[in-house]
Amino acid sequence: MLRGMGSSFGALFRITTFGESHGAGLGVVVDGCPARLSLDLGQIQAELDRRRPGQSRLVTQRKEGDQVEIISGVLDGVTLGTPIAMLIRNQDARSKDYEGVAQAYRPSHADYTYDAKYGIRAIAGGGRASARETAGRVAGGAVAQQLLARRGIEIVAWVDEVCGILAAVDPALITRAQVDINDLRCPDPVAAPTMIDRIERARKDGDSVGGVIRVVARGVPAGWGEPVFDKLEADLAKAMMSIPAVKGVENGAGFAGTLMTGSEHNDPFYRRADGTIGTRTNHSGGIQGGISNGEAITLRIAFKPTATIMRPQDTVDPAGNPAVLAPKGRHDPCVLPRAIPIVESMMALVLADHALRQQAMRLD
Ligand SMILES: Cc1cc2nc3c(=O)[nH]c(=O)nc-3n(C[C@H](O)[C@H](O)[C@H](O)COP(=O)(O)O)c2cc1C
């Protein structure tokens, strides 16, 4: 299958995002969404509001309303089966903040690699490498979530770890309302204030921190996923690794599973009261052989510390001459709170795509 040049994702439920951080606007085209789906447009905007900057002191203070305009594919709130184009105009682009950046590569950003690849780049705001691109994914993901909700599937993500401080919660029970109860989006009332203090301390020191997001999809039936190269966990890993600042993905027990024996790790089968087959434990994270097994699908996603820090940094200019990067601009001291709806959206996009693929595979 021709995958194009990397701006599109999905086989049947397919999105293409467009736009740079400091351009006129950005957005998404969703192709393959079935016709006659009643879309709650307020829900799409609500998801964008959870991602947008300026929500709290824990995130960047760039002021963007992120108001979505539906350009095509929807009539009177119902999908037409044609491409759904959604546009979000940029408002608070301050290109002046990036003047020095043309002369010096920002460490652990995409400046050097974009130059190496294209020989030209939209310098202000990190261009297309900026997390502003993810607004398009969240708009597309909100459509996918509404498609999945019709089948009783719900997706919830939350901040699970910051600087080694762990949330102690039962993943089976967490709701979005519990997640959104604080600015960090960590539903553990004991761990959350300690995590927030740690982020605040980093911000005051002109530094940044990373962390781990956990995401759970409940209600996914057994049978979704396309062996061998489009295994469900393979597509989920690609989806999550495509989010800016993500450096690792675990499914189920993940790396902790390497410390267990087979007898500890295996998930015993049993027959549920309703006659369906389930597993008593879920170390497999809801996926076996690349196919969902009907248990909750669980992932943990590792985010690196924000690359921009408010400290001078040694670097070089494009010719390789030594330079010192002066701290300026508006940035997220920790990207996790705003990444929650992005993770949920990428999970929804993968599941919506596999739902349609499974529909195409079975006669019933
Ligand atoms: C929600 C979100 C917000 C982000 N905000 C910033 C930011 O304010 N400053 C920054 O340096 N990086 C931020 N990033 C990460 C950068 O976009 C990313 O690290 C950079 O483009 C390099 O890509 P890479 O880390 O995937 O290699 C953010 C990422 C996400 C998901």
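Trainee: Pro-322 lies in strand E18 (residues 322–325). What makes that a strand?

Mentor: Strands are DSSP runs of E with at least two residues, helices are runs of H or I with at least four, and both are numbered from the N terminus. Bear in mind that this is a predicted model, where local features need pLDDT of at least 70, side-chain atom pairs count only at pLDDT 80 or more, and totals for chains, interfaces and linings use all residues. Residues are numbered from 1 along each chain as its sequence is written.

Trainee: Is Pro-322 buried or exposed, and how do you know?

Mentor: Count other C-beta atoms, placed from the backbone, within 10 Å of its own: 20 or more is buried, 12 or fewer exposed, in between partly exposed. Pro-322 has 9, so it's exposed.

Trainee: Why call helix H3 largely enclosed?

Mentor: Because 14 of the 16 residues of H3 are buried, the rest of the structure largely encloses it.

Trainee: How do you know the length of H3 (residues 134–149) agrees with what it should span?

Mentor: The expected span is 1.5 Å times one less than the number of residues. For the 16 residues of H3 that gives 22 Å, and the end C-alpha atoms are 22 Å apart, so the two agree.

Trainee: Why are H3 and H8 called oblique?

Mentor: H3 and helix H8 (residues 336–361) pack at about 50 degrees, with axes 7 Å apart. Under 35 degrees is roughly parallel, over 145 roughly antiparallel, 65 to 115 roughly perpendicular, and the rest oblique. H3 and H8 are therefore oblique to each other.

Terms used. Axes fitted to C-alpha atoms, helices over the stretch in contact; angles between N-to-C directions.
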